[in-house]
Amino acid sequence: MEKLVNISDIELGVDASCWQDAVKKTGEILVREGRVKSEYIDDMIETVENLGPYIVLCPGLAMPHARPGGNVIKSGVGIITLSEPINFGNRTNDPVKVVVGLAGINDNAHVKVVQRIAEVFEDETMIDYFATCNDRRIIMDIFNGKEIKK
Amino acid sequence: MKIVAICGCGMGSSVILKMNAQKALKDLGIEATVENSDLATGKAAAADADLVVIGRELSDAIDLTGYEVVVLDNFINKNEVKEKLEEYFKSKGILNG
């Protein structure tokens, strides 16, 4: 499987004060890695403010993102695990432990990484596995298709 | 049959919904096409669709009165998608139940 995620796309045990801060922390990875302009962070926060916390896809996992547009440079993800779980206001899937910020330009790379997110977290135990993991390499390998050994 | 999966931007959760709905439909033996769409164009896309699939939080942000809708809590869980689609198709007599 091709490499979807780099080690520099991942940060573990991140402190965040609120959901906006958690989104910002993943956004900062996307900015640092040259995937988005800094304005994209506000775009992601606005998406939740306007449409609600639907980006909490399943218990413990949020996937903030915004429309493809001028603020996205190339597709990719910024992955963080939170030192303390945070509520996004989702009725069924709070609290969030893992945040995967998504930048997409509706290309093949973007669809592949979204599909991989779904495949990885279909195993419901992965959220807590991620949340307690202290090795970014393991997380990277999981996203890049390495067989999961727990 | 045509199904539309709607999310806020048409590029995140609806991509996952589309993928999982396609798998569920295959398992259920139902012939259908699934498209994903964003909220802004989703309603127009839904007008000529037989069914809308959408997440619970987002279903509050769009008025889908008059449309056939299946609402999901968990986008990732293939079983939930399959169970809810199966329940819907049974209620419509499309599947035996």
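Q: How many salt bridges cross the interface of chain B and chain A?
A: The rule finds 4 of them in this predicted model.

Q: Why is the link between Asp60(B) and Arg91(A) called a salt bridge?
A: The closest N and O atoms of Asp60(B) and Arg91(A) are 2.6 Å apart. The rule asks for a side-chain nitrogen of Lys or Arg within 4 Å of a carboxyl oxygen of Asp or Glu. The pair of Asp60(B) and Arg91(A) therefore qualifies.

Q: Which elements of chain B give two or more residues to the side that touches chain A?
A: They are helix H1 (13–28), helix H2 (39–47) and helix H3 (56–59) of chain B. H1(B) gives the most, with 4 residues. By class, that side of chain B divides into 12 nonpolar, 5 polar and 6 charged residues.

Q: What makes up the interface in residues and area?
A: In contact are 23 residues of chain B and 30 residues of chain A. The buried area is about 2200 Å², and carbon and sulfur atoms give 64% of that. In chain B, Met11(B), Glu57(B) and Ile76(B) lose the most area to chain A. Together they account for 33% of what that side buries. Polar contacts between the two chains come to 9 residue pairs, both partners at pLDDT 80 or more.

Q: How do you know that Lys24(A) and Glu28(A) form a salt bridge?
A: Their side chains meet at 3.3 Å, N to O. The cut-off is 4 Å, so the pair passes. Both residues lie in helix H1 (residues 19–32) of chain A. Being 4 residues apart there, they are separated by about one helical turn. Over all chains, the structure holds 18 salt bridges.

Q: Why is the pair of Phe130(A) and Phe143(A) called edge-to-face?
A: The angle between the planes of Phe130(A) and Phe143(A) is 75°. The centres of Phe130(A) and Phe143(A) are 5.8 Å apart, and the limit for a pair is 6.5 Å. Phe130(A) lies in helix H4 (residues 126–132) of chain A and Phe143(A) in helix H5 (residues 136–143) of chain A, so the pair ties together parts 13 residues apart in sequence.

Q: What makes strand E1 and strand E2 of chain A edge strands?
A: The open sheet of 5 strands in chain A has the order E1-E4-E5-E3-E2, with mixed pairing. E1 (10–14) and E2 (56–58) of chain A each have a single partner strand, so one side of each is left without a neighbour in the sheet.

Q: Why do strand E3 and strand E5 of chain A count as paired?
A: 2 bridges join E3 (residues 61–62) to E5 (residues 96–103) in chain A. The rule needs at least two, so they pair. The two strands run parallel. Leu61(A) stands opposite Val98(A) in E5(A).

Q: Is the peptide bond from Asp94(A) to Pro95(A) cis or trans?
A: The bond is cis, with omega near -10°. Pro95(A) lies in the loop between strand E4 (76–86) and E5 of chain A. Most peptide bonds are trans.

Terms used. Residues numbered from 1 in each chain as written. Chains lettered and ligands numbered in written order. Predicted model: local features only at pLDDT ≥ 70, side-chain atom pairs only at ≥ 80, totals over all residues. Heavy atoms only, no water. Contact = heavy atoms within 4.5 Å. Buried area = accessible area lost by both parts, 1.4 Å probe. Polar contact = N/O pair within 3.5 Å; in protein donor to acceptor, adjacent residues only side chain to side chain. Nonpolar A, V, L, I, M, F, W, Y, C, P; charged D, E, K, R; others polar. Phe/Tyr/Trp six-rings, centres within 6.5 Å; stacked < 30°, edge-to-face > 60°.
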